[in-house]
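Biologist: Please bring up the model, and let us go through it one question at a time.

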Amino acid sequence: AVVSTQSTGARWQQRMGNSSSDRALIHAFGVIRLMADRLNASQAIIDRANTLFKKMTDSRALRGRSTEANCAACLYIACSQEGAVRSFKEICAVCQSASRKQIGKSFKLIIRAVGTNVDLITTGDFMSRFCSNLDLDHKTQQIATTVARQAVDLDIVAGRVPVTVAAAAIYFTCQALAIDKSAKDIGDVAGKVDGDRKEHT
């Protein structure tokens, strides 16, 4: 059997006609690809996001909502399901006009409509990527991971998002090991402002 290498977006585009709904779907696939490219997301993630968006379009569950917000929510879910977790902040950063609130509403509607399961995001989902981007070795990553886990277990960081906890744990570990990484270095990698990270250290 011949395996198609076309993306889901390309295959659907070939099948579609010229109706307004078809054009809207093609436009949405373009928006998803643009955001995914900014995140360096894989084709598998794009295909999953396209499939989810098409499913939501067919169900009309997101009717009246911002297209960009709907696309962003689908991409957020697709990243999680493909094991390439992105923070909500990262997803919002690649949007041109959709607000965090709009994306959040679309996300909740999708979860409710299709029963999609998105596992709870933890500090571990970000620790490896952050440490790699900071050129920290595996031992340092292990220590930072332990610091973050203990902070969570001891309820020290209750209510804090995983991105912030991971950044704070890395900062604390670098300080303890006298590793030359500034608050700004870590903040830039984590996508968090310095003040927000320092507040939780």
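Modeller: A note before we start. This is a predicted model, where local features need pLDDT of at least 70, side-chain atom pairs count only at pLDDT 80 or more, and totals for chains, interfaces and linings use all residues. Residues are numbered from 1 along each chain as its sequence is written, and side-chain values use heavy atoms, with hydrogens and water left out.

Biologist: How many helices and strands does the chain have?

Modeller: Helices (H or I, at least four residues) and strands (E, at least two) are DSSP runs, numbered from the N terminus. Along the sequence the pattern reads α-α-α-α-α-α-α-α-α-α-α. The count is 11 helices and zero strands.

Biologist: What percentage of the residues count as buried?

Modeller: Buried means under 20% relative accessible area, exposed means over 50%, and partly exposed lies in between (1.4 Å probe, protein chains only). The chain has 201 residues, and the buried share is 43%.

Biologist: Which residues lie nearest the centre of the largest pocket?

Modeller: First, the term: on a 1 Å grid over the protein atoms alone, a pocket is an open set of points where a 1.4 Å probe fits, with protein on both sides within 12 Å along at least five of seven lines. Lining residues have an atom within 4 Å of a point. The largest pocket has 19 of them, and those nearest its centre are Ser-21, Ala-24, Leu-25, Phe-53 and Thr-57.

Biologist: Which elements give two or more residues to the lining of the largest pocket?

Modeller: The lining holds eight nonpolar, five polar and six charged residues. Here Ala, Val, Leu, Ile, Met, Phe, Trp, Tyr, Cys and Pro count as nonpolar, Asp, Glu, Lys and Arg as charged, and the others, Gly among them, as polar. In the lining of the largest pocket, the elements giving two or more residues are α2 (20-38), α3 (43-59) and α4 (67-81).

Biologist: What is the volume of the largest pocket?

Modeller: Grid points are joined across faces, edges and corners, and a volume is the space filled by probe spheres set on the points. For the largest pocket, this comes to about 410 Å³.

Biologist: How many salt bridges does a search of the whole structure find?

Modeller: A salt bridge is a side-chain nitrogen of Lys or Arg within 4 Å of a carboxyl oxygen of Asp or Glu. One of them joins Asp-58 and Lys-54, at 3.0 Å from N to O. Those two are four residues apart in helix α3, so about one helical turn separates them. The search of the whole structure finds four.

Biologist: How many residues apart in sequence are the parts that Arg-48 and Glu-82 tie together?

Modeller: The side chains of Arg-48 and Glu-82 meet in a salt bridge, at 2.8 Å from N to O. Arg-48 is partly exposed at 35%, and Glu-82 is partly exposed at 34%. Arg-48 lies in helix α3 and Glu-82 in the loop between α4 and α5, so the parts they tie together are apart in sequence by 34 residues.

Biologist: Which helix holds both Asp-188 and Lys-184?

Modeller: Asp-188 forms a salt bridge with Lys-184, and their closest N and O atoms are 2.8 Å apart. Asp-188 is exposed at 52%, while Lys-184 is partly exposed at 49%. They sit four residues apart, about one turn, in helix α10.

Biologist: Which side chain of opposite charge is nearest to Arg-86?

Modeller: Arg-86 lies in the loop between α4 and α5 (88-93). Lys and Arg count as positive and Asp and Glu as negative, while His and the chain ends are not counted. Arg-86 is buried yet has no salt bridge, and the nearest side chain of opposite charge, 4.5 Å away, is Glu-90.

Biologist: Which backbone oxygen lies 3.2 Å from a polar atom of the side chain of Arg-86?

Modeller: Arg-86 is buried without a salt bridge. A polar atom of its side chain does lie 3.2 Å from a backbone oxygen, that of Leu-39.

Biologist: Is Asp-135 buried or exposed?

Modeller: Asp-135 sits in the loop between α7 (124-133) and α8 (138-153). Its phi is positive, about 60°, although it is not a glycine. With a relative accessible area of 68%, Asp-135 is exposed.

Methods:
Polar contact = N/O pair within 3.5 Å; in protein donor to acceptor, adjacent residues only side chain to side chain.
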